[in-house]
Amino acid sequence: MADSIIEIEQLTKVFYTDEIETHALSGVHMQIKRGEYVAMSGPSGCGKSTLLSIIGLLDTPTAGRYQLNGKEVANLDFADRSRIRNQEIGFIFQSFNLIGDLSVAENVELPLTYRAGMPAAERKARVQESLERVNMAHRMRHYPAQLSGGQQQRVAVARALAGSPSILLADEPTGNLDSKNGEAVMKLLKELHDEGATICMVTHDPRFAAHAERQIHLFDGKVVAEGELSQLMAEA
Amino acid sequence: MNGLIQDVKFALRQLRKAPGFTITAILTLALGIGANAAIFTLVHAVLLKNLPVVDPKMLVRVGDNDECCINGGAAYKNDYTLFSYDLYTHLRDQIPEFEQLAAMQAGIGYGSLTTRRSNDSSLPKSLRSEMVSGNYFQVFGLTPYAGRLLTPADDVAGAPPGVVMSYQTWQRDYGLDPTVVGSTFLLNTNPVTVVGITPPGFYGDRMTDTPPDFYIPMAMEPQLGPAHPTTILHRSDRSWIYLIGRIKPGTELPSLQAKMGGVLRGFLAQLPTFQRKGMEQNLAQSHVVLVPAGAGIENMQQNTGKGLRLLFIVSALVLLIACANIANLVLVRGMARRAETSIRMALGAQRRRLIRQMLTESVLLSCLGGLAGLVVAYGGTRVLLNMAFPDATDLPIQATPSTVVLAFAFGLSLLTGLIFGIAPAWVTSHSEPAEALRGSNRTTQDRSGWLQRSLVILQAALSLVLLVGAGLMAKSLSNLEGQNFGVKTENRFVAHFSPENAAYKQNQLQSLYDRITQDLHALPGVERVSLSMYTPLEGNNWSEGVQFQGRAEPKVGDEMGASWLRASPEFFDIVGHHVLRGRGITEQDTATSTPIAVVNEAFVKKFFSNGKDPIGAHFGVSGMQSVGDFEIVGVVSDVKYNNVREHTRAMYFRPLLQMAHTKPEDDTRSMYASAIMLQTKGSIDDLESQVRRTLANIDPNLTVSRYDTFQGQIRGQFNQERLIARLTLMFGALALVLASVGLYGVTAYSVARRTPEIGVRMALGANRGSVIAMVLREALMQAGIGLAIGVPVTWICTRFVQSQLYGVAGHDLVVLGGAVLILAGAAFAAGLIPAQRAASTDPVQALRME
């Protein structure tokens, strides 16, 4: 049995707007083990992106516990969260979020430049390796605008891999892609998982959720169903 | 270092990608930084720069004011700045704390020499000289460029006459001809040897627009000096020398100052002036103030310092407005790049790293602006120098940026980049990293709005300060130039010359003056010709204390001073004096007729306040024994001769060649006229060359040292005020444009951001007028808050310029109201364009954006 990378208990997130409280997450419990491939799904507004933000240390919970690699990270300050995010987490966004003014190689190198003390030669080597892993090394001097959507998302995956993170967080990674490119990206994630990567993916498309080993279903800020795909299907 | 290189590369790429923004920002910065660098060039050269001499820190000046040029009696407020030659040698010999104490002629402005190389067949020309003590160059630690410099052995009576030529003169007039050194020149017709050339950068002991061409030993004063033919070299009652010394290391200035005061009083006590009854207090209070003299004699610094500092502050404010403007542009760009910032943060970038990256871009931009600013500074400095010193010959200020100016521009560029970059960097770096997960259309709070509006408010407030300052300066200049000087300037011309320099003896003057008057009268179109000691508003003044017949002897401290000059009969008509009572000076007032004087209204007001008739009254200027010397025969209208900011001084006028019965030897020098005034029927082509030719035909040594229209001479009095007024107006206009552009930018950005909202409003029935009103209200609100802050700030700031103003109160409501209206109008115009654009929004299109 693999050890836990992420352990979340009684996590809540409340947004305050004027005098209105919005409970985006209400007492969420979840665990992701090393090497696991987890899909989070649920209808729009169920809190899956909020949960992913907190898991990715982009946001902080209102209450509850969150351990990443055995360390409590729920109440870290901004700088510590940035540092951990840079070293432990790789993001794959729905809209790729490549920086248009940077070349493919520079985009992939970007998180490494925020890592103090990494020599330029090592950065270059990692960029090369990551791009080769997603079959985009031949486009490293191109700019994002010169690539197709699928290619851009592969570059985004390479960027997420470059820092050798503990976990890949993918937010609707196929949301902006046609079905063919979407399938290609999902295949790539599957390959990465097969090579040992831990992945947590948000998706509302059951076809893509099916690629994961385990699914977590959210509704109204709560985990309403959790289990292996086959188990969930049987329960349904 | 790697990160910094990456940041620079990325910043360059960003700037290249947005050429419109980059060019606008660089041009704005170039104007702001360039204006500051140009003003700094002047500030540095005039106020901060040391003389180009060895170890200037060890130089000390004895005296701390700009008194000039030949004074008699006690010093003003008993504070000694001018010294007699004998007092100088006394101090030099009694004060061993000085390694060397040098003396230099105070008034070099009019120290012209008629100069010609002995083997040269061309006409003599008028050059400037300064008499100095023999150890002058030793005090400054200078070595000659060629030949040798003066030594104490040159400065003794009977020494072979040797002078030193300045490098600039050698280059300008003699093409660096090496045979000049050792050759004979005729200075005021006296043969002298040029013994050497000064080092190239040396411009004398003070910053001036007309540095000396020759340095002459003081011992030659009886032959060449301004007092020729009545020498003042050894007259202890004539003060005409400034002193600068090099102190020995470890000398304490306060104790040296006290010691010098004692030695000074010991010397003064021997003089007849201080042995008079009532002078005890003057003697006891007589003192000197020692001041650092690394920058030399700081007369120009004292005269222009306030104005330069004011301009420096004004240009800094303009740069601040430019910074606010660019900060707004950068902020808008930062907001547009917020998504990118969020991605960087999601990938683990620390805030300080993002701030560094954005500051790199700002500083790079400001450095590019600084580079362009150097071009503006070079051109601006040339214009400034031409405006500030229109008559300069060898001005020791270069328009080419010096190392110090380059360093200033670079430092200012860095500072500017930080100032306009820090706030946008801070705001942008506080984007939420979680935004990277959200779609681009998700509504997020725009944190930049308050900062943008604050920057516009700041610009409006500062612009008001500058506009009011510009208005006050312009009004002050208008009052100065438009005041009634009492003169007539139409078709009037002034030529300066020196019969003294042409070696005329006193008994030759009558025939010389007759010939000059007659020959100039004979020129076609010339109506009137006069000769006088000086003319109104040329910067010259002679004054004496007067005593009246039939009145008690004035007590020490009584204000009995009156300015005076000698003039020929047509002088009053040319200048514009009206004879109000009695008569003016006539052809019958000859050297042998009864000495008379004509006085002005201010003289009558000052000395005849009891209503007594001045006509027929007698007065003198050499003590009670002289009270019968001059009989007042007429009263003329007032004309301003001296400080244009002061009331007209009491003046009396005497015929050119009449001599006082008492102390006639003191009257000799004033018989040498130095100004010719001409009145013509209309404009005459090449009148100047005709005048020069006429004088040269009489005597080749009668050279014209200055020639101008009377109007031009008067305008020259306001060069500094004109410079300040024009620059503050220019800066005020620039500030207004920048503030308007800033307001336009913020309003346009706000409209663009609110397009969907405006679409909704219009879909719900808002008409175009209400949309225009909504947008304009916001723009005018910001301008209004800026004005509300600006008015009290302006009110406070104008206090500091009050001393620079003439005939206008710092709190001038007309100027303030005008500035407020101009700014409000500009704000309205700046808001109207985006408001109209907002009103033309197509609701369908706008809602699609949502």
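In the predicted model, helix α2 (residues 19-48) of chain B packs against helix α13 (residues 403-429) of chain B. Their axes lie 10 Å apart, at an angle of about 140°. An angle over 145° would count as roughly antiparallel. The pair α2(B) and α13(B) is therefore classed as oblique. The crossing of these two helices is right-handed. By class, the contact of α2(B) with α13(B) has 10 nonpolar residues, 5 polar residues and no charged residues. From α2(B), the residues in this contact are B:Leu29, B:Ile33, B:Asn36, B:Ala37, B:Phe40, B:Thr41 and B:His44. They meet B:Val404, B:Val405, B:Phe408, B:Ala409, B:Leu412, B:Ser413, B:Thr416 and B:Phe420 in α13(B).

Another helix of chain B, α12 (residues 351-388), holds B:Glu361. The relative accessible area of B:Glu361 is 8%. Buried means under 20%, so B:Glu361 counts as buried. Its contacts, leaving aside neighbours within four places in sequence, are with B:Ala11, B:Gln14, B:Leu15, B:Arg333 and B:Arg337.

Chain B also meets chain A. The contact joins 28 residues of chain A to 23 residues of chain B. The size of an interface is often given as the accessible area lost when the parts come together. Between chain A and chain B, the buried area is about 2,400 Å². Carbon and sulfur atoms give 55% of that area. On the chain A side, A:Phe78, A:Asp101 and A:Tyr114 supply 30% of the area that chain A buries against chain B.

A:Asn135 is placed in the loop between α4 (120-133) and α5 (149-162) of chain A. Its relative accessible area is 52%. Exposed means over 50%, so A:Asn135 counts as exposed.

B:Lys663 is found in the loop between β23 (651-655) and β24 (675-680) of chain B. Its relative accessibility is 41%. That value lies between the limits of 20% and 50%, so B:Lys663 counts as partly exposed.

Methods. Residues numbered from 1 in each chain as written. Chains lettered and ligands numbered in written order. Predicted model: local features only at pLDDT ≥ 70, side-chain atom pairs only at ≥ 80, totals over all residues. Heavy atoms only, no water. Axes fitted to C-alpha atoms, helices over the stretch in contact; angles between N-to-C directions. Helix = DSSP H or I, 4+ residues; strand = E, 2+ residues; numbered from the N terminus. Parallel < 35°, antiparallel > 145°, perpendicular 65-115°, else oblique. Left-handed = near helix turned anticlockwise from the far one by under 90°. Contact = heavy atoms within 4.5 Å. Nonpolar A, V, L, I, M, F, W, Y, C, P; charged D, E, K, R; others polar. Buried < 20%, exposed > 50% of the residue type's maximum accessible area, 1.4 Å probe, protein only. Buried area = accessible area lost by both parts, 1.4 Å probe.
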